[in-house]
Amino acid sequence: MLKQLPHRMKMNITLSIKKVFERYMATIGWDETKYDATAFMEQWRHYLYNEAAWFNELDDTMKANPHFHEQLAERINEIIDQLVNEPPTDDQIAEINRLVERLGIDDFPYGCRLEAKYHIERLQQELKKKKS
């Protein structure tokens, strides 16, 4: 069912998964020990019904079909797996190192591109506060 959707809609689904996962991980500070699949799925449901324009475009038959939701759950797992296994870029690593040095804090682990992005944004905010 999912594969039969138009390409644009499949892309929007992928972008939605990434967006919600990134938001959720930011709420827990990218602390994997705090990851709660139920809480993530609750955020996913909220996003689906309140923000995802593509979901509103689906017909009610598809929305009610358990097979569609199984395929969507599989796609969510695939995308999350890809995201957490995508290594940070060299630019991200350099930026984190620069920010860590400027802030005078200890280096810390980060495992993927999205996590590196989160820490860069967080450290940039810290640097702005420190300058104020």
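The model is predicted, so to speak of local features requires pLDDT of at least 70 and side-chain atom pairs count only at pLDDT 80 or more, while totals for chains, interfaces and linings use all residues. Residues are numbered from 1 along each chain as its sequence is written, and side-chain values use heavy atoms, with hydrogens and water left out.

**First selection: the pocket**

Select L2, K3, H7, K10, M11, I13, T14, Q71, E74, R75 and E78, which line the largest pocket. A pocket is an open set of points on a 1 Å grid over the protein atoms alone, where a 1.4 Å probe fits, with protein on both sides within 12 Å along at least five of seven lines; lining residues have an atom within 4 Å of a point. The elements giving two or more residues to this lining are α1 (7-27) and α5 (66-84). Helices are DSSP runs (H or I, at least four residues), numbered from the N terminus. The most is given by α1, with 5 residues.

The helices α1 and α5 pack at an angle of about 60°, with their axes 10 Å apart; axes are lines fitted to C-alpha atoms over the stretch in contact, and angles run from 0 to 180 degrees between N-to-C directions. The two are therefore oblique to each other, a word for angles that are not under 35 degrees (roughly parallel), over 145 (roughly antiparallel) or 65 to 115 (roughly perpendicular). In the contact (heavy atoms within 4.5 Å), I13, T14, I17, K18 and F21 in α1 meet residues of α5 including L72, R75 and I76. By class, this contact has 9 nonpolar, 1 polar and 2 charged residues.

The axes of α1 and α7 come within 11 Å and cross at roughly 50°. K18, F21, E22 and A26 of α1 make the contact with L114, K117 and Y118 of α7. Its residues divide into 4 nonpolar, no polar and 3 charged.

Finish with helix α6 (residues 90-103) and helix α7 (residues 113-131), which pack at an angle of about 30°, with their axes 10 Å apart. They are therefore roughly parallel to each other.

How values were computed. Nonpolar A, V, L, I, M, F, W, Y, C, P; charged D, E, K, R; others polar.
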